[in-house]
Amino acid sequence: MSTTISPLAPKKYPKMPSIEGVRIATAEAGIKYKNRTDLLAMVFDAGTTVAGVFTKSKCPSAPVDFCRQNLAAGKARVLVVNSGNANAFTGRKGREATGLTGEAAAKAAGCTSAEVFLASTGVIGEPLDTGKFAHLLKGLVSNGKPDLWTEAAKAIMTTDTYPKVATATIKLGDTDVTINGIAKGAGMIAPDMATMLSFIATDAPIAAPVLQDLLSRGTAKTFNAVTVDSDTSTSDTLLIFATGKAAGRGAPTIDDPRDARLGAFRRALGKVLKSLALQVVRDGEGARKQVEVTVTGAKSARSAKRIALSIANSPLVKTAVAGEDANWGRVVMAVGKAGEPADRDRLSIWFGDNRLAHEGERDPGYSEEATSAYMKRDEIRIRADIGIGRGKATVWTCDLTKEYVAINGDYRS
């Protein structure tokens, strides 16, 4: 965890309301970090439903395997998260560690281990010593309090420089329901999530299959549209829990994803996911600028997204942004290498409202002075119009600075 907070950190944090049916506790287990919390337990009332999306890495962590297995039943009572060790590429020891943690958490909460969800973040390849924290779970589960959301966000940080929280309250039927979310992630962030952990909870009464539909759709334009360094982690986990407690205040139970009453909830969930995803990008290791890359005029939306990611993931584009250099030639390069249909002579490129290239050559009205002034901002928009179709997509990334190399050059020491 860095001592200097990212210059892109939020100026103020929302006051996180408590959610009926959720209790939170954190502890200092000393897994890797000293004098800070590194263990989180969230306890849910009986009847809580759950859905999740995970890394597409072919080397997933032991906790990802554990969660995938338990997700089928769609019920949750406890979430346990540790930072400092990812419990990934740890083989049989890793499976044993998740088994032991699952049993300890289930015993503490009086539920089955099939209702336990686990996540770990930190160094890959080192066995996780459950002896450091398994004995703490009983106390955490019994001492949970409903209003510790920001503390929860702090306990799951690794190289993050600030905790990431978001909240929304909307109506389901005529009843207020709340959605709270926390996230962590600062490097190894790429679509299909990243070393990215995010946990969302709501008191809305929503069946597990509906939650899954909402989450899978909601991540496409949020968490799966952000990248810090193109590296997809072993551990990405995004879980959403619905306690259903708002039913007691008159909220309707939703068991069909096509239910028209879900409209406001779906939009609010999208906002919470996008807020958390952008907070992750803005805390990219060493980041000084947020970069929004939009591709229009591509052959299809999928093609547009691939080109946008080619631009967003290019170290040359990202270092140009860090150096405040309007080097649009690097955007041309990234469009060309994406492997997607493009026409050199129809390509146009903008940095902000400054058009730099048009119809395959430098724009005759291009002003180096105006564009250089634009590049000094801490939020940069790059747009490429491919000129061959109607496909469009937007992704977000950050610049690539000397600090990124410094942070990742000595991460394990």
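Predicted model: local features only at pLDDT ≥ 70, side-chain atom pairs only at ≥ 80, totals over all residues.
## Confidence of the model

Residues are numbered from 1 along each chain as its sequence is written, and side-chain values use heavy atoms, with hydrogens and water left out. The mean pLDDT of the protein is 92, and 95% of its residues reach 70 or more.

## Helix α2

Helices (DSSP runs of H or I, at least four residues) and strands (runs of E, at least two) are numbered from the N terminus. The buried residues of α2, including Gly-94, Ala-97 and Thr-101, have under 20% relative accessible area with a 1.4 Å probe, protein chains only. What covers the buried residues of α2 includes β4 (78–85) and β5 (116–123). On the other side of α2, Arg-92, Lys-93, Glu-103 and Lys-107 are exposed, that is, over 50% by that scale.

## The sheet

An open sheet is formed by 4 strands in the order β1-β2-β4-β5, with mixed pairing, where two strands pair if DSSP finds at least two bridges between them. Because β1 (22–27) and β5 stand at the edges, each with a single partner strand, one side of each is left without a neighbour in the sheet. β1 pairs with β2 (residues 39–44) in the antiparallel sense over 6 bridges, and the bridge partner of Thr-26 in β2 is Leu-40.

Methods: pLDDT = per-residue confidence, 0-100. Contact = heavy atoms within 4.5 Å.
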